[in-house]
Amino acid sequence: MRMYYSRLKLASVLGVCLLGLLLCLPNGMRKPFPSIPWRQIHLGLDLRGGSYLLMQVDLKSLTHDRLQTLAENTRDTLLKSQLGYQNTNVDADKNTVSFQPRDAAEADTDVATLDKLPRVVPNEFSVKKQDDGTVALVLSADAIKARAREAVTQSIEIVRRRIDGTGAVDPEITRQGDDRIVVELPGISDPERIKALLGTTAKMTFRLVDSNPLHATYPPPGVSLVPMANPAEGGPLPVFDHVDVDGTDLTNAGAVIDQQTGEWAVSFSFDSVGTRAFSSVTQTNVGKRFAIVLDNKVIEAPLIRTPITGGNGQITGGFDAQKATDLALMLRAGALPAPLSVVEQRSIGPSLGADSIRAGILSLGVGFLLVVVFMVLFYGRFGWYADIALLANLVLMVAILSLFEATLTLPGMAGMLLTLGMAVDANILINERIREEVARGRTPLAAMQTGFERATSTIVDSNATAFLAHVMLFVFGTGPVRGFALTITIGIATTLFTTLLLSRMLMARWYARTRPASLPV
Amino acid sequence: MFGRPLLRFVRKDTHINFMRGRYMGLIVSAVLSIASIILFFHPGLTLGLDFRGGIVVEAKTSGPADFAKLRTALAAQHISHASLQAFGAPDDVLIRLDAGDDQNTDAVVDTVRRAVTDAQPGTTILRADAVGASVSAELFRNGMLALGLSLAMILVYIWFRFEWEFALSAVITLVLDLTKTMGFLVITGFEFDLVMVAAILTILGYSTNDKMVVYDRVRENLRKYRTMPLMELINLSINETLNRTLGTSSTVFLAALPLALWGGATLSGFAWTMLFGIVVGTSSSIFIAAPLLLFMGEGRLKRGAKAGPAAAQQKS
């Protein structure tokens, strides 16, 4: 080890520190130079208030939907191949569609025919003859997983559009794992409205109402009893399962006030496909009721008086302003592929967040001060150098966190404080070693050199262990644990830089300048 | 100013015979750890929201909190199993509900929130958290996984850098530290949640760091004094590193102290646990890790010092 440093090396170490200081600046002031793309630390929700929602895609409903289409395809295929069947059964718990072949001899032909059904993903399902004589199509676990992943990808887009429509500032929407979405809403500490907005799939369909009065109590196959969205308007309506017009054919929707009644309503317009479908249905069914079904509830079922060919329509369902706006928003944003449910919710009020920042900064400041005083009292001049290194350490940590645009949370602040305590350890190790070497009667230069050398291996050892432990923590941890691990991991890196380069350099420069006869230890 | 140090923990040359108290140290540690394990099973840790699931709503009422009124308001919303408790100021209320069978814990939060603000108008909700039962189980599993993996990593690292006697005695000591920390958590009633897992991992990291420094010195002295009895050698090593051990513990202690005093509800439990861990970790380096190394290494460590990784180290 050398105790002499070239000006270039000195300049580059100081340069890094200055650069760090520069990178820290945006956190203190708002955009010092607007033309430069500054990066800064984001405050976590626990520090600025807001809500965190962990939402899960309803796997059951996804699987159920897929099984339904599979069952329809099965029926079609068997009919086309002139194979008989009975008792088609969808079992959502076992992920199967099963049926009884016309006679047992046909089972193998059934299996061979159905095996040619198109698969959305490879190995999506398998076709098997079962022990009880039925033939079953079984969805594979991988297929369900793939479907969930796809649903999450679609949902993220729709969730973003819906939240953007509410005017929330800086929402953050990310996926987590195969079937989850994290929604972070800074500044919104009461996410009730957003939860309601995201908890609705908003699958809208236009279906004809069966006008046979008998079917209102005993619906035939192909007709289902669908409840009214507003139970005050009466009991369930018999609605045909066949979807005449789909909500995906909408191009626009908005909240308006109905000219005649003065009520809030949602107006919408169809694209060309929707317009054509809508006008053909209304032309052939004048005098019948046409139900507007949202998430399996009838919003309204107006009578078709005249054919509607313009591709525009209006829904009046006893809305207030908020409901009409939200429905229009959901229709514009599109339907979610499956319902989302909130499995974890955390909301922090703005006042608590502000209190936490204050408490965090106070603790950080006082802790820093105590450590600085301690070092000077116990180590004198070299203690001052350690303090300078410590300050540089803090600056570099903030700089790196800004560069990553990391999110600072309360545990993260605790991590910074702890790093300060641990960073001092390296300096103490060095100083104690130098003392020992002085006590052995070495010259100042030899004492500093040997002291550094011996301490370095210990410093690297102890920091490497801590580093490994916290990398683990970052990889496997969740939430607060991760923020904590991240700051400590960065802190270890900056600690090594500031102690092994900066404080050593400060000592070396001091030695070269004064050539002391004895060391102040 | 202050060019020379003003204070020092111990004189330049100390010769405290720490190893004389080795049996005492181990016995005291074993007793404390066994007591902690008993406490761990009965009455057990207070699990926090993260690991238990359910809901927690923290509210600040306008004027002193009227508990009877709040309870009635909640009961009117069919929320009868809520526990209300005061904390801090008279206008602070903490409402807790365990995770029910129903999965829509998040809807209950909204109901509680509305009931409370209706019962005492002007109430502000400071915090409202809901964790579903399946998520809490998952968080618990991940937290334990992180703890276990970190311990394993530490073990492997020490084993590679030193020898197995060092690694094993360090990990045994860490486990003893860990059990005592659990005992501390049971006694103080601090909630065991994800933040606490971070605290425990920090304690483990810190404690390992402390043992590394002593062990490093033992290894160095093994090379230097080939004929010195191991007991004497370990004593020497502890004495030589005593100033550093006390110095580092003090700075970490000083850094964490303000957090314990002013860190607020979330962080003070974390910080107090840290402070406890620093004291335990520092004392266990001297009174547990060193004697264990003595028992395991006697008669064996000398040979290891001549060959293996230690010899390669000597060249530097």
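Helices here are DSSP runs of H or I with at least four residues, strands are runs of E with at least two, and both are numbered from the N terminus. With that in hand, take residues 139-160 of chain B: the span is 100% helix and 0% strand. Its end C-alpha atoms lie 32 Å apart.

Before going on, some ground rules. This is a predicted model, where local features need pLDDT of at least 70, side-chain atom pairs count only at pLDDT 80 or more, and totals for chains, interfaces and linings use all residues. Residues are numbered from 1 along each chain as its sequence is written, chains are lettered from A and ligands numbered from 1 in the order in which they are written, and side-chain values use heavy atoms, with hydrogens and water left out.

The unreviewed UniProt entry puts "transmembrane region" at residues 21-41, 139-160, 194-214 and 271-296. UniProt positions follow the numbering used here, feature names are shortened, and annotations may be inferred rather than shown by experiment. Residues 21-41 of chain B are 95% helix and 0% strand, with end C-alpha atoms 30 Å apart. The unreviewed entry also gives a domain, "Protein export membrane protein SecD/SecF C-terminal", at residues 114-298 of chain B. That span is 85% helix and 5% strand, and its end C-alpha atoms lie 68 Å apart.

Two backbone details next. His42(B) and Pro43(B) are joined by a cis peptide bond, omega about 5°. Where does Pro43(B) lie? In helix α1 of chain B, residues 22-44. Over in chain A, Asn95(A) is not a glycine, yet has a positive phi of about 55°. Asn95(A) sits in the loop between β3 (85-91) and β4 (96-101).

Now the helix pair across the chains. Two packed helices are described by the angle between their axes and the distance between the axes. Helix α12 of chain A, residues 480-514, packs against helix α7 of chain B, residues 194-224, at about 30°, axes 8 Å apart. Axes are lines fitted to C-alpha atoms, for helices over the stretch in contact, and angles run from 0 to 180 degrees between N-to-C directions. So α12(A) and α7(B) are roughly parallel. The cut-offs: under 35 degrees is roughly parallel, over 145 roughly antiparallel, 65 to 115 roughly perpendicular, the rest oblique.

Who makes the contact, meaning heavy atoms within 4.5 Å? From α12(A), Pro480(A), Val481(A) and Phe484(A); from α7(B), Leu194(B), Val195(B), Ala198(B) and Thr202(B). By class, that is 6 nonpolar, 1 polar and no charged residues. Nonpolar means Ala, Val, Leu, Ile, Met, Phe, Trp, Tyr, Cys and Pro; charged means Asp, Glu, Lys and Arg; the others, Gly among them, are polar.

On a 1 Å grid over the protein atoms alone, a cavity is a set of points where a 1.4 Å probe fits but cannot get out; a pocket is an open set with protein on both sides within 12 Å along at least five of seven lines; lining residues have an atom within 4 Å of a point. Grid points are joined across faces, edges and corners, and a volume is the space filled by probe spheres set on the points.

How many cavities of 30 Å³ or more? The count is 5. The largest cavity holds about 120 Å³. Its lining has 13 residues, with Met422(A), Ala466(A), His470(A), Ile488(A) and Ile492(A) nearest the centre. α10 (410-439), α11 (444-476) and α12 of chain A, plus α7 of chain B, each supply at least two lining residues. α10(A) gives the most, 4 residues.

α5(A) gives the most, 5 residues.

Last, the second largest pocket, about 950 Å³. Of its 34 lining residues, Lys203(A), Thr205(A), Arg207(A), Asp295(A) and Asn296(A) lie nearest the centre.

Technical notes
Contact means heavy atoms within 4.5 Å.
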